[in-house]
Each structure stands twice: as C-alpha cells, then as structure tokens.
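Biologist: I have a model open and would like to go through it with you. Could you take my questions as they come?

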Amino acid sequence: MEDSSSAAYIHMVHRLIEECILFNMSKEECMEALSKHANIKPVITATVWKELEKENKEFFEVYSTRKAERVSETETRQTIQKTVSDSTSERV
C-alpha cells in the first residue's frame, strides 16, 4: 500500500471506531464488529484505538469509566429482574 492509501485506510478505521463509540462499544467489541462486518484485522483496530487513546486521553478515561458504570447498572437491573421473576414463579 502506498502512503496515501494507507492514510485513507487508517482514517476509515478511525471513523468506524468512532461509530463503535457512538454505540457504547468496548475496544474488544469494536475489534470484533469491525473484523466481522468490515473485514478489518483486530490488530489494526487495536492499534488505531490505542493511538486515539493517546491523542484523546481525557475522553477515553471518561468513556471507560462511564462504560463500566453502564455495565454495572445493567448487571444490577438483570439481577433485580431475575429476583422478581424467581419470586413470582415461586408463588404460582
């Protein structure tokens, strides 16, 4: 690949990573999605993601903290739903 096509490819991966972020995907989820749907090797996605983290350190710190909080909220919601469901089925 020549330099201009390499730069265009990296820019495309960058844009796709931004789309993944809009869907609140983790780095691993993004790597999997781009591999499956855009035929981009996970090592390429990981490398571009790492560079974006270096360039936007504060954003990624907040993003990862909020992502962890959302996962915790989801797990709590699932636990509550399971508890309610189990108690309802016990009464029947």
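Biologist: Which residue follows α2, and what is its phi?

Modeller: α2 is followed by Asn39, whose phi is positive, near 55 degrees. This is a predicted model, in which local features need pLDDT of at least 70, side-chain atom pairs count only at pLDDT 80 or more, and totals for chains, interfaces and linings use all residues. Residues are numbered from 1 along each chain as its sequence is written, and side-chain values use heavy atoms, with hydrogens and water left out.

Biologist: And how far does α2 reach?

Modeller: Helix α2 covers residues 27-38, twelve residues, and reaches 15 Å from its first C-alpha to its last, close to the 16 Å expected at 1.5 Å a residue; that expectation is 1.5 Å times one less than the number of residues. Helices here are DSSP runs of H or I with at least four residues, and strands are E runs of at least two, numbered from the N terminus.

Biologist: Which residues of α2 are buried?

Modeller: Cys30, Met31, Ala33 and Leu34 are buried, where buried means under 20% relative accessible area, exposed over 50% and partly exposed in between, with a 1.4 Å probe and protein chains only. These buried residues pack against α1 (3-22) and α3 (42-55), a contact being heavy atoms within 4.5 Å.

Biologist: Changing topic, how many disulfides are there?

Modeller: The count comes to zero disulfides, taking a disulfide as a pair of cysteine sulfur atoms within 2.5 Å.

Biologist: Why does Cys20 count as buried?

Modeller: Cys20 counts as buried because its relative accessibility is 6%, and Cys30 is buried with a relative accessible area of 0%.
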